[in-house]
Amino acid sequence: MSNHSQPTIGSAIRKKTEWDRKIFVAACIFPALLFLGLFMYYPIVETFRLSFMKSSGLGPEIFVGLDNYTRLFKDPEFLAGLKNVFAWAFWSIIIQIPLAFYIAFSLTFYVNRFTKPLRIIYYLANVLPSAITAMLGKFIFSPTNGILNSLGTTLGWNWLSDLDFLGNQSLAFWSVFTIATWTYTGFPIIYLMARIEQISKDIKEAAELDGVTGWKYAFYIVLPNLTYPLTILAVLCTIGSLKLFDLPYMMTTGGPGYATVTLGITLYRHGFINWQYGKASAIGVVIFLLSLAFTIIQFSWQHKKGDGQ
Amino acid sequence: MKKFAILCLLFILVTTMVFAQGDKGAVAPVAEKTKLTIWGRDIPDTSADHMYVKSLIEGFQAANPDIELEYIALGDPGLADKTKIAMVANQVPEIIQSWGGSVMGGYADAGRLLDLTAEMATIPGSDAARNAMSWKGKTYGVAPFFAIAGIFANEGIFKAQGLTVPTTVSEMEKVCDALLAKGIIPFACGAKDKWPPLAMYMYLVNRVGGNAFDKAQARTLGFDSTAFIEAAKIYQKWVEKGYFGPKPLGEAYGDAQQLMATGKAAMHVTGSWMCAQYANKEFTDQTIGFYAFPVISGGVGQTTDVMGMTDIGFFATQTAASKKEAVVRFFKYAMSVEACGAEPGRICSVPGVKAPSALTGMASAVFSKAKTVQFWWDQDLAPAVTSPLNDTIQTFFLPKADVKAELVKFEALVAENMGVIKK
């Protein structure tokens, strides 16, 4: 009797323990899952649904199929926004990442008593709220009392004081981009510095023995070792550009004309000013799908190369 | 099990006795305060353009201790954005500050607002202000202050240059040329913010084609018809001649105010809400006057056709349905001489409130002569086309813009959202 009962009790205890563990795991996961579902997945599903509707948010919703999408690709503001975010991504990769590499390498290779304060200074802009950086940007580029305008007037440089940094269609994009470069380069600098510091000392010593120092070391030794993090930064730049809203909105509200409009600004204007929730949702879906595509590229790259490299 | 049941019964018995005793011995409850939550734009502080709101909130609370007032300042565009979201979710406070017009109409159509037509009829106020807070024959709130657009002119500059404030557009062009020759910017504008250039365009369209906007809104005329195109061409010509300075697109509305305040610009076509600041000696040492927009020789519109909008208004929502009496008391106080008397600049729509400054007096005089008051376009058109309207007008400032093509594009959008032109 006892021989038969022993394994039954044991398995019952095991089952109970297993059951308790499952409850514990579920209890741990449930709150996070609930929040994710409520505040992330449900809005995504709702955005997809709304993108097929004509809706002002207040009246009845009318199913319009793909009409919002077809109208979107004829909308000059949306097309300008699409062009601008890709231009932004392109120039971020061309300008911000090489600049970040240059600064990161300088701060890692030429270590002295200024290195630590400089690290803080470069990262500081990244910590500042974008409202503050936008205000600083306006303070620099304002046509009436901006720093550059005043400087030009004081020095008698009419070519400088006559420039309309935020009101000229050709200059506005670059004025906002300059502030963005200052703001957004902090993170890549810190990230690349961490990666550069991970390069084995043996490699550095071997390079020194072979007479590869300074910027030759940067190009022939460091840069090839940073292919993976640089690619990740490029993907992050692209995704960040797709979602860009705050800085151009606060500096130029997307103008003059559509010179600095982004997909985020277009979405905001259609949804909150024009009361076109369906169209705004369609823009949201486009941003989501484009971001998803680049995230998949990033993940597949990580999978191929391995995160630890 | 039995013990548990007995315990439960005992608990219920004791609880019932306690509550019964409590009910018997209770004193008459103190009347609870009615709480009204208001979403407004401005912080009730001591700055000149916030004086009315400060007086309203503090004065009402002192005079009505049985009502608890919670005033939340959300700024601009924070108030508009939050109101829209809250209206969609149907989670709104009792009272919201508003400019009335089509935006308020959208909320009324959705059944979110409280009809106070009968109650508001007993509160004295100007017809223009009452109409601004009404939609489809029903009144939803009050507008203690109403603004009109006109020309703020720097009288010191005009006097020094031997010029007179123009009464026709051709005179205005001569004045602008003379000012430009002296290195003075004829018009402060602030086109970077997109909405400020609308004031002048509304007038130009009116002066060219009379009630062209009313017809376009009623869909019997297109926004790409002659009056709109002619007005746009005049506007573009003025931009090209430099009447708005060398950098109008880089300047925001605040910059335009600074240009006027420092005497760098001679005129500013904008709303009378600027009266408080332009009359304030701490803000500007210039002497500024307010005048009606000139007429065009051979045009249809008259100086008595005025563009206007609610300056400060409030509407009540369905949340206040059970607190109607408190809301009406608040609206009556908002329209009282006591509350409105604190305002240093705006045109008051309440009879008996004196103009607080000579400048407001000038604006009020223009308003009092008005035979027609056209509501500000971007407050009157369907929300789907208002920001594209301001985008379109901003294109007049872009070099070599085809203004006709831009208006054709805008008309297509209007046709899509408000219907095609009725033959």
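Student: In this predicted model, how many residues of strand E8 (residues 265-271) of chain B are buried?

Tutor: The model is a prediction. A residue counts as buried if 20 or more other C-beta atoms lie within 10 Å of its own. Strand E8 of chain B is largely enclosed by the rest of the structure, because the number of its residues that are buried is seven of the seven.

Student: In which sense does strand E7 (residues 185-188) of chain B pair with E8(B)?

Tutor: Ala188(B) has His268(B) of E8(B) as its bridge partner. Three bridges link E7(B) and E8(B), and the sense of the pairing is parallel.

Student: In which sense does strand E6 (residues 141-154) of chain B run with E8(B)?

Tutor: One residue pair here is Ala149(B) with its bridge partner Gly271(B) in E8(B). Five bridges join E6(B) to E8(B), and the two strands run antiparallel.

Student: What percentage of the residues of chain B count as buried?

Tutor: Chain B holds 19 helices and eleven strands. Its C-alpha atoms fill a box of roughly 100 × 50 × 40 Å along the principal axes. Of its 423 residues, the share that counts as buried is 51%.

Student: What share of the contacts in chain B with a separation of 6 or more comes from residues 24 or more positions apart?

Tutor: A contact here needs two C-beta atoms that lie within 7 Å. Among the contacts in chain B with a separation of 6 or more, residues 24 or more positions apart account for 77%.

Student: How far apart do the C-alpha centres of domain 1 of chain B and domain 2 of chain B lie?

Tutor: Domain 1 of chain B consists of 34-145 + 311-353, and domain 2 consists of 148-307 + 377-418. Twelve residues of domain 1 are in contact with 13 residues of domain 2 in chain B. The distance between the C-alpha centres of these two domains is 29 Å.

Student: Which helix gives the largest share of the side of domain 1 of chain B that touches domain 2 of chain B?

Tutor: That side of domain 1 of chain B has five nonpolar, four polar and three charged residues. Four residues, the largest share, come from helix H4 (residues 101-109) of chain B.

Student: How are H18(B) and H19(B) oriented to each other?

Tutor: Helix H18 (residues 383-395) and helix H19 (residues 403-418) of chain B have axes 10 Å apart and pack at an angle of about 175°. Residues in the contact include Leu389(B) of H18(B) and Phe410(B) of H19(B). By class, the contact has ten nonpolar, three polar and one charged residues. Angles over 145 degrees count as roughly antiparallel, therefore H18(B) and H19(B) are roughly antiparallel.

Student: Where does Asn90(B) lie?

Tutor: Asn90(B) is not a glycine, but its phi is positive, at about 55°. With 13 other C-beta atoms within 10 Å, Asn90(B) is partly exposed. Its place is the loop between helix H3 (78-89) and strand E3 (95-97) of chain B.

Student: Which residues does Val53(B) touch, not counting residues up to four places away in sequence?

Tutor: Val53(B) is part of helix H2 (residues 51-63) of chain B. Val53(B) has 24 other C-beta atoms within 10 Å, so it is buried. Not counting residues up to four places away in sequence, Val53(B) touches Gly40(B), Asp42(B) and Pro44(B).

Student: Which helix of chain A gives the most to the side of chain A that touches chain B?

Tutor: The contact between the chains takes 23 residues of chain A and 23 residues of chain B. The side of chain A divides into eight nonpolar, twelve polar and three charged residues. With three residues, the helix that gives the most to this side is H14 (residues 263-273) of chain A.

Student: Where does Pro256(A) lie?

Tutor: The peptide bond from Gly255(A) to Pro256(A) is cis, with omega near -5°. Pro256(A) lies in the loop between helix H13 (246-252) and H14 of chain A.

Notes. Residues are numbered from 1 along each chain as its sequence is written. Chains are lettered from A and ligands numbered from 1 in the order in which they are written. This is a predicted model: local features need pLDDT of at least 70, side-chain atom pairs count only at pLDDT 80 or more; totals for chains, interfaces and linings use all residues. Axes are lines fitted to C-alpha atoms, for helices over the stretch in contact, and angles run from 0 to 180 degrees between N-to-C directions. Angles under 35 degrees count as roughly parallel, over 145 as roughly antiparallel, 65 to 115 as roughly perpendicular and the rest as oblique. Ala, Val, Leu, Ile, Met, Phe, Trp, Tyr, Cys and Pro count as nonpolar, Asp, Glu, Lys and Arg as charged, and the others, Gly among them, as polar. A residue is buried if 20 or more other C-beta atoms lie within 10 Å of its own, exposed if 12 or fewer, and partly exposed in between; C-beta atoms are placed from the backbone. Two strands pair if DSSP finds at least two bridges between them. Domain bounds come from an automatic or database domain assignment.
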